[in-house]
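Good morning, colleagues. Please take a moment with the sequence and the structure, which I shall now put on the screen.

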Amino acid sequence: MSSSPVVVVHRDARLLADAAASRFVTAVVDAQASRGTADIVLTGGTLGIAVLASVATSRIRDAVDWTRLTLWWGDERYLPSGHPDRNETQARAALLDLVPLDPERVHAVPGPDRSADVDDAARQYARTLAAQAGPGRARPGFDVLMLGVGPDAHVASLFPGHPAVHEQARDVIGVRGSPKPPPERVSLTYPALCSARDVWFLVSGAEKASAVALALSGAGPLQAPAAGVTGTRSTTWLLDRAAAAHAPAAYVRLGSP
């Protein structure tokens, strides 16, 4: 289990996205230098996609060996390939289609065009995770897991009070009846999310301030799913000032002014 979370506060969402983009490049380069490859779990949402767009325009993006980067998603809306609301589609437009990735290393969650139903999509994704794991492992060693946080403190597609937050036996589940549309989604579960070495929460906006405070103030994962995810090495909350308004001061250090 990682040590206490670290909260890094940036002045606004734009500076936050740029700082997280620099962290992204550094993390990938460090992982590739250490073991030859890097496994990163992406997130969607306005800020998650803004981070990828910032990487795309960064002068240091060429430090990454894109052919040795493996990408995953923490969750996905159960929509057909290419649908504009899919996290994958937005990520491709922001960055993935602009860099020389190995297509075999980009592991998108199947949609209804490639699966019988949302549960079948979850099973397929779980099999992909298992197939990419090393000997004796249940899943790949994620170097960085990026997560957004909703105003209700949900992460990935794990929502407060939803049956999905109780899942411990499987790494991937189909989610039905999501309180946030669309109602069907595919999500990693706590065991998979908490297997990442470094977890980054990316949060901006005053409407998220209460959720941030709840997750960092001792709430349980059933009430605040974000509270249930920690990295095996580190857990970092990357916030703008608005989202950090009620964050516990003991965890906070300042980022870009």
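**Strand β1 and its surroundings**

Let me begin with strand β1, residues 6-10, which is mostly covered, four of its five residues being buried. Please bear in mind throughout that this is a predicted model. Strand β1 pairs with β9 in the parallel sense, over five bridges. Within that pairing, V7 stands opposite W237 in β9.

With F201, W237 forms an aromatic pair that is stacked, with 4.0 Å from centre to centre and 20° between the planes. This pair links distant parts of the chain: F201 belongs to strand β8, residues 198-203, and W237 to strand β9, residues 234-240, the two residues being 36 apart. Are F201 and W237 buried or exposed? Both are buried.

Strands β1, β8 and β9 are also among the elements that cover the buried residues of helix α6. Six of the eight residues of α6, residues 209-216, are buried, so this helix is largely enclosed by the rest of the structure. The buried residues in α6 are A209, A211, V212, A213, A215 and L216. After α6 comes G218, with a positive phi near 95°.

In soluble globular proteins, nonpolar side chains tend to be buried together. Here the largest nonpolar core has 83 residues, and the members that touch the most others are F24, L42, F201 and W237. Which element gives this core its largest share? That is helix α1, residues 13-35, with nine residues.

Neighbours within four places in sequence left aside, its contacts are F24, L52, L71, W72, W73, G74, A91, L96 and M146. F24, then, is both a contact of L42 and, like L42, one of the core members that touch the most others.

How many aromatic pairs does the model contain? The count comes to three. In one of them, the ring centres of W72 and F142 lie 6.1 Å apart with the planes at 65°; since an angle over 60 degrees counts as edge-to-face, that is how this pair is classed. W72 has 0% relative accessibility and so counts as buried. F142 is buried as well, at a relative accessible area of 1%. Through ring pairs, W72, Y125 and F142 are linked into a cluster.

Strands of a sheet pair through backbone hydrogen bonds, either parallel or antiparallel. The sheet I wish to show next is open, with three strands in the order β4-β7-β6 and antiparallel pairing. Why is one side of β4 and of β6 left without a neighbour in the sheet? β4 (75-77) and β6 (172-175) stand at the edges and have a single partner strand each, so one side of each has no neighbour there. On average, neighbouring strands of this sheet are turned by 15° against each other, direction ignored.

β4 is joined to strand β7, residues 185-188, by three bridges, and the two run antiparallel. E76 has V186 in β7 as its bridge partner. Helix α4 packs on the sheet, where it touches β6 and β7, and its direction makes about 165° with that of β6.

**A glycine in helix α2**

G48 is located in helix α2, residues 45-57. With 4% relative accessibility, G48 counts as buried. Beyond its neighbours within four places in sequence, G48 is in contact with T43 and L202. From G48 to Q90 the C-alpha distance is 9.8 Å, while in sequence they are 42 residues apart.

**The chain as a whole**

Let me close with the overall picture. The chain comprises six helices and 10 strands. Its radius of gyration is 17 Å, close to the 18 Å that the globule rule gives for 257 residues, so the chain is as compact as a globular protein of that length. Along the principal axes, the C-alpha atoms fill a box of roughly 45 × 45 × 35 Å. Of the 257 residues, 53% are buried. Among contacts with a separation of 6 or more, 76% are between residues 24 or more positions apart.

How values were computed. Residues numbered from 1 in each chain as written. Predicted model: local features only at pLDDT ≥ 70, side-chain atom pairs only at ≥ 80, totals over all residues. Heavy atoms only, no water. Phe/Tyr/Trp six-rings, centres within 6.5 Å; stacked < 30°, edge-to-face > 60°. Buried < 20%, exposed > 50% of the residue type's maximum accessible area, 1.4 Å probe, protein only. Pairing = 2+ DSSP bridges. Axes fitted to C-alpha atoms, helices over the stretch in contact; angles between N-to-C directions. Contact = heavy atoms within 4.5 Å. Core = buried A, V, L, I, M, F, W, Y, C linked by side-chain atoms within 4.5 Å. Rg over C-alpha atoms; globule rule 2.2 N^0.38 Å.
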